[in-house]
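These are my notebook entries on one protein model, written down in the order in which I looked things up. I begin with a sheet and its strands, and then go on to the rest.

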Amino acid sequence: MADTEVNIYADSRTYYSTGNNNSYDLSNVSRFRSFATSSMSKKPGHKEVARRRRASHDEVTKPRKFLIDVEETKRQILEQEDTDGDNQITIHDMGPKTLPVGTLDSGGHRKYEIRGTYMISNLLQELALAEEHGRKHIILDEARLNENPVKRLSRMIKTNFWDGLTRRIDAEGLEIICADPKNRTADHSPRIYIPYNEDEQYHYYTNLAETRPHLNLQVEKLPKEITPEYVKSINDRPGILALAMQKHVDIQGNITLKGVPFIVPGGRFNEMYGWDSYFETLGLVLDNRVEMAKGMVDNFVYQITHYGKILNANRSYYLTRSQPPFLTDMAIKVYEHLTEEPEEKKKWLEITIRAAIKEYYTIWMSPPRYDPITGLSRFYPTGLGIPPETEASHFDHVILPYAKKLGLSIKEYVAKYQSLEISEPGLDEYFLHDRAVRESGHDTTYRFEKRCAHLATIDLNSLLYKYEVDISEIIRLIFNDQFEYNGIIETSSTWSERALLRKKRIDKYLWNEEKSLYYDYDTSKKEQSVYESVTAYWALWAGCASHEQAENLVKISLPKFEVLGGLVSGTEESRGTIALDRPNRQWDYPFGWAPHQIMAWRGLENYGYMTEARRLAYRWLFTITKTFVDFNGVVPEKYDVVTLNHLLKVEYGNVGTDFKFVPREGFGWMNASYQVGLSYLTHHMERALGTCTSPEVFFKNREVKLPPMEYKGSIDLEESKNHEESKNHEESKNQEESKF
């Protein structure tokens, strides 16, 4: 390749800033502009011929390049094709879906028609990116417009989306991270809360506030003891919570602090979330962004050290809430890819596991989350009052009966309830469970309505079983069966015994032999819940199911959850009837979410059910790919996996759909699920996905019989498990290619 050439699939910064596409000499810009616009200009006496509307393109004998006037072509596309005015080109737009552009080899004289929703929306995206890089005229490779959508989306995730979701809490990143779309108080001043003993950080931020007064930054120190009462008292002045920082030498040679970067989910979720971060880390590792993944773990260690737990997210109103715990597996995935010296890696893992042990003891195995009767754990946060991050009217239907009873308006009642002028145990109980739902990550679902804090769930206890197994094996394999914690020597046998005991309790309270499924257990009513949740398959991910239980989960129960677009969160029967006064909840049927898919794939793989894992991965990736192709590159938060719809009329809407011209973030764990899911597909499946072949068509008469796989069991830290899994995937792909 010549020095002036650039990879046609390079990231937008490279593609539009280097090589031929940046060096083209438009010495006669006006003549070029006339070529670019002539076919769209109406002249007197000119008879306009209706263009054919097609979704494919002509045979190509050699790679085409186009001469493009960025501003004018963008104007033409929006004027002609964006019939609904949303600054996107989708299958809902009613334009002709054809646009003539000048070819490079003809100097712009000869026109070629860009046809179909996918190519025209890609053209709009490329124009927006070129404009962002200051380009007024470009040479554009056709290959960027008709690129295989699987390759394009995976490339955009790797080179664009992760960058778009990256945040840091320091001088450079503070303005972006302080923005909080969920803040509905009167006080929108940027504010950061610093742990009581972080004097260096406090000095850094107060100095920043003084030297950059335009930020209007408010800096406050947290007390040593962070009580629910204190957290409630600052809900009217919410702020971001400080995260890890590291020493940095600036361009003047001064030693300063720099924030450890992290990934946010996207949209209104502009902070570091608990369980989102685990799945994002899986995607980061696959995309060779190990340092970013390591930073995610380091920020979690900081949270446990200074805030006592991995937070729901790092905003002040989340200080009493945690989220599903994934730290040990997260640490293992990063550890296996670190390139530092062995002793340095070991020291990093020691710090991380010590934090995980602290979280295990003080959060999940302590009251009120720990239930002493069953020996299992629950989501049970300690906050007070009404969760402040919700929409203003979110709880109106709950509060209205209480307000009417006292002859008050909802606003008046809320003010008196929050100030403790009114005491209402019924509302206290309601908001306890509501906060627990949010701690579970599944906000909201009828599975948890008005009872979440009392439920020992299969998902949480599977995760804690995995903690126990992981810590046991880390102590045994890395630390020679001796690990000091708070002056006590922890051994692998202690932790393996805990795991065995939890498995017995899970079998006793959560497993239903008759129905071949795990259920939640109500510790208040002392009975199993009847809600059928796809989180039952987290037991396979954690490895706490027997082979017989796994077989029943796959052969008997899996069909309840498998639909056209992947796995649905819960069964339709469990959700119950939907009506005006009983609307859909976003974590119920018919919605599907990235974390549920990833956990099921890995769980099925653990027990040798690779056929099912691949089939489910194909379904999910088809849902993402088809929406990406038909809707201007959108990658949303969730889907209706029954109808394959992302335009959802459900609480909170669908994050990730509101953008102009080009998607810049996707959505955190959705991005990760795409990269992880691709690792499960055979080459033939990936080719079929690239042509948007529906699962119904693809799997018809294509039932694959893969050889049984050995049960992987627990982790092995003596070798890189991810490397072995990648190798196994490739070998299996090659061996089974002809069977599809």
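**Entry 1, a four-strand sheet.** I first looked up an open sheet in which four strands follow the order β3-β2-β1-β4 with antiparallel pairing; strands here are DSSP runs (E) of at least two residues, helices are runs of H or I of at least four residues, and both are numbered from the N terminus. Two strands pair if DSSP finds at least two bridges between them. At the edges stand β3 (111-115) and β4 (137-141), each with a single partner strand, so one side of each has no neighbour in the sheet. I noted that neighbouring strands of this sheet are turned by 45° against each other on average, direction ignored. Axes are lines fitted to C-alpha atoms, for helices over the stretch in contact, and angles run from 0 to 180 degrees between N-to-C directions.

Before going on I noted the ground rules: this is a predicted model, in which local features need pLDDT of at least 70 and side-chain atom pairs count only at pLDDT 80 or more, while totals for chains, interfaces and linings use all residues. Residues are numbered from 1 along each chain as its sequence is written, and side-chain values use heavy atoms, with hydrogens and water left out.

**Entry 2, the partners of β2.** I followed β2 (residues 98-103) to β1 (residues 65-69), to which it is joined by two bridges in an antiparallel run. Within this pair Phe-66 stands opposite Thr-103, and Leu-67 has Gly-102 as its bridge partner. Is β2 buried or exposed? Six of its six residues are buried, so β2 is largely enclosed by the rest of the structure; buried means under 20% relative accessible area, exposed over 50%, and partly exposed in between (1.4 Å probe, protein chains only).

I also checked which helix lies across this sheet, and found α5 (residues 116-132) over β1, β2, β3 and β4, running at about 105° to β3.

Over residues 76-103 I read 21% helix and 21% strand, with the end C-alpha atoms 17 Å apart.

Another open sheet has three strands in the order β7-β6-β8, and its pairing is parallel. The edge strands are β7 (218-221) and β8 (240-241), each with a single partner, so one side of each is left without a neighbour in the sheet. β6 (residues 191-194) pairs with β7 over four bridges in the parallel sense, and Ile-192 stands opposite Val-219 in β7. Helix α8 (residues 199-211) lies across β6 and β7, running at about 160° to β7.

Tyr-204 is found in helix α8 and is buried, with a relative accessible area of 13%. What does Tyr-204 touch, not counting residues up to four places away in sequence? I found Asp-170, Ala-171, Met-245, Thr-256 and Leu-257, where contact means heavy atoms within 4.5 Å. Leu-257 is 53 residues from Tyr-204 along the chain, yet their C-alpha atoms are separated by 7.4 Å.

**Entry 6, aromatic pairs.** A search of the whole structure gave 43 aromatic pairs; rings of Phe, Tyr and Trp (its six-membered ring) pair if their centres lie within 6.5 Å, and planes under 30 degrees apart count as stacked, over 60 as edge-to-face and the rest as tilted. The ring centres of Tyr-278 and Phe-279 are 5.0 Å apart with planes at 75°, so this pair is edge-to-face. Tyr-278 counts as buried at 2% relative accessibility, and Phe-279 counts as buried at 0%. For Trp-587 and Trp-669 the ring centres are 6.2 Å apart and the planes at 90°, so that pair is edge-to-face. Trp-587 lies in the loop between α21 (572-575) and β23 (591-592) and Trp-669 in helix α24 (residues 668-678), so the pair ties together parts 82 residues apart in sequence. Both Trp-587 and Trp-669 are buried.
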